[in-house]
Amino acid sequence: MKVITVVSAKGGVGKTTLAANLASVLAASGRRIIALDLDPQNALRLHFGVPLDSIDGLSRATLAGDAWQSVMFDGVDGVTVLPYGAVLEDDRRRFEAYIDHEPLWLAQSLATLQLEESDIVIVDTPPGSSAYTRTALCAANFALNVVLADAASYAAIPQMERLIETYAAPRADFGGAGYVVNQVDLSRQLAKDVLKVLRHMLGGKVFPGVIHQDEGVSESLACDTTLIHYDPLSQAAADFRTCGDWLLAAIDAIPVSPGKVA
Ligand SMILES: Nc1ncnc2c1ncn2[C@@H]1O[C@H](COP(=O)(O)OP(=O)(O)OP(=O)(O)O)[C@@H](O)[C@H]1O
Ligand SMILES: [Mg+2]
């Protein structure tokens, strides 16, 4: 099993969109993919056709002491979905206090699923620093940092780098961080300039392509599905496929730790 944790210092940059669509393209490569939502917005499931009124998910299952297998959904494109679930405010705070106290909660819970070596877990997180991002980084083999080609994203990069450095980098089975620039409009000079600066700053860690701004992305969500499913011939669908190939090469290059299935 390899765990990809999708993170960003800033909100609304496209983490959930990338987590869902990359899960979809990686599933098309024949690997078993588990899309796991660690964000109380509980939005990842919406890309996979999980019913809007479903309240089940890993937050409720954890608080109730139920096995995660009971809240795994078969989503579109063959992706297995583990939603966050819907919880009352008091329960959410209880759950957050629990995982804040047990940063290894995600790694330990994933171990109970006994996944195969080739399986991939993609974890969606809320923006910035939180108990969710910490536990997700403590379980990560790879951190995928989503940024926009704008000054605010650029300025926030060191903040996320510090979190990765603290919670993921010390582990031998952590393969490093990669960056994807999303919602790019190459007709804008500022986007082109910031892209150049990001590539210079981050070098080989940046996905060599970009994910273009594409209306089909939000349309596909409105139709409860992934872009790959909704409009496979669109520009962004092609971008997601290329990005999926890059991601797969990066995580398959991470060595499996001796004595453990990583
Ligand atoms: N490449 C894209 N082209 C056009 N729209 C996009 C693209 N990527 C994301 N969006 C839109 O941007 C909005 C924010 O995306 P998303 O919810 O995935 O961000 P997020 O980082 O997960 O947000 P949050 O920090 O709240 O979790 C959504 O409306 C989504 O449809
Ligand atoms: Mg999100």
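Helix α6, residues 151-167, lies across strands β1, β6 and β7, and runs at about 165 degrees to β6. Helices here are DSSP runs of H or I of at least four residues, strands are E runs of at least two, and both are numbered from the N terminus. The angles run from 0 to 180 degrees between N-to-C directions, with axes fitted as lines to C-alpha atoms, for helices over the stretch in contact.

Two notes on the source. This is a predicted model, where local features need pLDDT of at least 70, side-chain atom pairs count only at pLDDT 80 or more, and totals for chains, interfaces and linings use all residues. Residues are numbered from 1 along each chain as its sequence is written, while chains are lettered from A and ligands numbered from 1 in the order in which they are written.

Back to α6. Helix α5, residues 131-139, packs against α6 at an angle of about 55 degrees, the axes being 9 Å apart. That makes α5 oblique to α6; under 35 degrees counts as roughly parallel, over 145 as roughly antiparallel, 65 to 115 as roughly perpendicular, and the rest as oblique. From α5, Thr133, Arg134, Leu137 and Cys138 meet Leu163, Ile164 and Tyr167 of α6, contact being C-beta atoms, placed from the backbone, within 7 Å.

Now the sheet. Seven strands make an open, mixed sheet, ordered β3-β4-β2-β5-β1-β6-β7. Pairing requires at least two DSSP bridges between two strands. At the edges are β3 (73-74) and β7 (177-182), each pairing on one side only. Strands β2 (33-37) and β5 (120-124) are parallel, with five bridges, and Ala35 has Ile122 in β5 as its bridge partner.

Helix α1, residues 15-28, lies across β1, β2, β5, β6 and β7, at about 165 degrees to β5. How is α1 placed against helix α10? The two pack at about 75 degrees, with axes 9 Å apart, which makes α1 roughly perpendicular to α10. Among the residues in this contact are Leu22 and Val25 of α1 and Phe240 and Leu247 of α10.

Last, the ligand. Ligand 1 is surrounded by 21 residues, the closest being Gly11, Gly14, Lys15, Thr16 and Thr17; a residue is near if its C-beta atom, placed from the backbone, lies within 6 Å. Helices α1 and α8 (215-222) each supply at least two residues of that shell.

Note on methods
Contact = placed C-beta atoms within 7 Å.
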